[in-house]
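Reader: I have a model open and some questions about it. Can we go through it together?

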Amino acid sequence: MSSASPSPAASAPDSGSAPATAPAPGPAAESTTDRTPPTEAELLDYVRKTAADAELVASLPLDPEGRTWLRLNGPGGSEAWIIGWPPGTGTGWHDHGGSLGAFATASGSLTEQSLAARLPTEGWKTLELADGVDRERQLTAGRGRAFGPHHVHQVLNETEEEHAVSVHAYYPPLPLMRRYSRTGSLLRLEQVERPGEWE
């Protein structure tokens, strides 16, 4: 996997490996000193506007073999990213460590699989999921979604030929991510990652 202009200090959440770029200004980025923390709706508005910025989206180098990304300055002190997804790539099941967030597809098509259940954050390694908790969305160019602090999902580019690009924002900046494996209805906590440890 490659990235544009590597920086040893930052790496992309949900990315799966290498370092990301130093923050670049995104549209409508604001100082945390002049406003309250952003809401889910404000993050969704930001990622949709950023995904519609063709010039900014085109500045992301694409790699046919691995995901690429650029870090942006999100609104109200949020953490934001533009991420490129080659065909067949995905994040695996994860949460966002209590941060709320939003993402929107800028080009191509992404599939989000999520759980419509609030999971306990501590005290378990394996959980049996109830029937009916699975949700799936197709997010084509221009479509996005916001989520609260207890969201568990995976994002996939299931196409065989088309690269996808998306924009993501999180507030507060991710304090950690829990990564899960899933076999049928069994969800297993595999790893807790903190900033600087994203794989």
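**Working through the model**

Author: Ala116 is partly exposed, with a relative accessible area of 43%; partly exposed lies between buried, under 20%, and exposed, over 50% (1.4 Å probe, protein chains only). This is a predicted model, in which local features need pLDDT of at least 70 and side-chain atom pairs count only at pLDDT 80 or more, while totals for chains, interfaces and linings use all residues. Residues are numbered from 1 along each chain as its sequence is written, and side-chain values use heavy atoms, with hydrogens and water left out.

Reader: Where is Ala116 found?

Author: In the loop between strand E6 (109-115) and strand E7 (126-128). Helices (H or I, at least four residues) and strands (E, at least two) are DSSP runs, numbered from the N terminus.

Reader: And what does Ala116 touch?

Author: Leaving out residues up to four places away in sequence, Ala116 touches Val133 and Arg135; contact means heavy atoms within 4.5 Å. Ala116 and Gly132 are 8.1 Å apart in space, C-alpha to C-alpha, and 16 residues apart in sequence.

Reader: Changing topic. How many helices and strands does the protein chain have?

Author: The protein chain has 2 helices and 13 strands. Of its 199 residues, 49% count as buried.

Reader: Which residues have the most contacts inside the largest nonpolar core?

Author: Tyr46, Val47, Leu72, Ile82, Val165 and Ala169, in a core of 19 residues. A nonpolar core is a set of buried Ala, Val, Leu, Ile, Met, Phe, Trp, Tyr and Cys residues joined through side-chain atoms within 4.5 Å. At least two residues of this core come from each of helix H1 (40-51), helix H2 (54-58), strand E2 (68-73), strand E3 (79-85), strand E5 (100-107) and strand E11 (164-171). The largest share, 5 residues, is from H1.

Reader: Which residues of H1 are buried?

Author: Leu43, Leu44, Tyr46, Val47, Thr50 and Ala51. Seen down the axis of H1, they fall within an arc of 160 degrees, so they line one face of the helix; the arc is that of the directions from the helix axis to the C-beta atoms.

Reader: What is on the face of H1 turned away from its buried side?

Author: The exposed residues Ala41 and Lys49.

Reader: And what covers the buried residues of H1?

Author: The cover includes H2, E2, E3, E5, strand E9 (144-147) and E11.

Reader: Back to Ile82: what does it touch?

Author: Not counting residues up to four places away in sequence, its contacts include Leu56, Val57, Leu72 and Val165.
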